Amino acid sequence: MSTVSTTTAGGAGHPGGPLDDAQAQLAFAIDHLGLGPGPHAVLATPRRELTVSVPVRMDDGSTQVFTGHRVQHNFTRGPAKGGVRYAPGVDLDEVRALAMWMTWKCALVDVPYGGAKGGINIDPRHFSEGELERITRRYTSEIMPLIGPDQDIPAPDVGTSEQTMAWMMDTYSVNQGRTVLGVVTGKPVSVGGSLGRASATSRGVAHITLLALAHRGLEPTRSTAVVQGFGKVGRDTARLLAEAGVRVIAVSDIDGAVHDPEGLDVHRLARHVDETGTVTGFAGAEAIDGGAMLELECDALVPAAVEGVLTEENADRVRAGLVVEGANGPTTKAADAILRAKGVLVVPDILANAGGVVVSYFEWVQANQAYWWTEDEVNERLRDRMTMAWHSVLTYGKQQDLSLREAATCLAVHRVWEAHRLRGQYP
């Protein structure tokens, strides 16, 4: 285990990667708000970073060593909060970017957290459940000095699940000698999770999509949507949009994409995925290339998989009138400029997919109080919080002549810096 110090504004990053995009967004907000180099340096630099070795005994008796990270970008407004990602290619720069975006996301929807993120560079599909449990428990034990219900509260992200969070909670609790339900969120309901948490990110994306369609003067029943990704976020987003009357004409996953201009039967598609593990081969729909799917004509395009799918190379071919970022960082800086010039309304990730952290906050509150809300209460409070954030960003953007991404980032950065200013600099 080794602590990784940072003496620059988050590090150089990979050119054109998510960290560059995150830093560029922050730089714009600092300039727009007139905050200057001191606040910029404070907000650009993660407060803590930890890189750990994760040695694990595999099912065949061999030992493999994985690399894990946990970055706490900021905790001025409260404990750090952010997901744990198991995916190929996870590295420190990606985790830094995601942690920064979490800071702005928490501030934007006004929950009392700062941003954090963690991850391990693995493809979870290549490991058994027993191996994933041992990987999770060892990773949790390695980052344990940094996490806790009042310090840093992990949650599921790409490649992790409710079960992952249950293992993390148990590992932490065993080492504390007592059950600590509030150490993670996104747990199964039977071990302290919140009703409504599993679909919270998707429900937030769907709420924002419907608000954005209405802003464009479009009725749900007269609208079409394309959803990239049919996993943790995309699946329920597609379902909720379809239930609201939107015609979902295409979806994709890691294996391919399916398209039906008359509208997919999302419930039947979900059963197909449960049976086969993929959207490909779905009867009654045309198989198309995942890249071509992003360029279909539609009212709303929802990239809900991974970062960096809308780029300088394909943005000019996007024919959606509205892009709602269900994933973190799916639109690069260059693509963002192209889409804006084309008149495409882009709803940024820190607003669109904030439903997960909102209900994670609700779960944490419930765990700390040992008092549980009904699913209707959770969903109603989520809708109110997302609607409030949408109108705040929309109003600020109009007043300042900013894009929604610029407006959201400026609002969030202002809130975080104002908290820092009021607390003062120690020593």
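Author: Accessible areas come from the Shrake-Rupley method with a 1.4 Å probe. In this predicted model, the protein exposes about 17100 Å², and carbon and sulfur atoms supply 50% of that area.

Reader: What share of the 427 residues is buried?

Author: Buried means under 20% relative accessible area. Here, buried residues make up 58% of the 427 residues.

Reader: How does the radius of gyration bear on the overall form?

Author: A compact globule of 427 residues would have a radius of gyration near 22 Å; the protein has 21 Å, so the two agree. The C-alpha trace spans about 55 × 55 × 45 Å along its principal axes. The secondary structure comprises 14 helices and 13 strands.

Reader: Which residues have the most contacts inside the largest nonpolar core?

Author: A nonpolar core joins buried residues through side-chain atoms within 4.5 Å. The largest one has 81 residues, and W104, F230, V251 and V347 have the most contacts inside it. A second, separate core of 26 residues includes V56, L132, L146 and M169.

Reader: How many disulfides does a search of the whole structure find?

Author: A disulfide is a covalent bond between the sulfur atoms of two cysteines. The search of the whole structure finds zero disulfides. For C106, the nearest cysteine sulfur is that of C410, 18 Å away.

Reader: Are C106 and C298 buried or exposed?

Author: C106 is buried, because its relative accessible area is 0%. C298 is also buried, with a relative accessible area of 6%.

Key:
Residues numbered from 1 in each chain as written. Predicted model: local features only at pLDDT ≥ 70, side-chain atom pairs only at ≥ 80, totals over all residues. Heavy atoms only, no water. Disulfide = S-S within 2.5 Å. Buried < 20%, exposed > 50% of the residue type's maximum accessible area, 1.4 Å probe, protein only. Helix = DSSP H or I, 4+ residues; strand = E, 2+ residues; numbered from the N terminus. Rg over C-alpha atoms; globule rule 2.2 N^0.38 Å.
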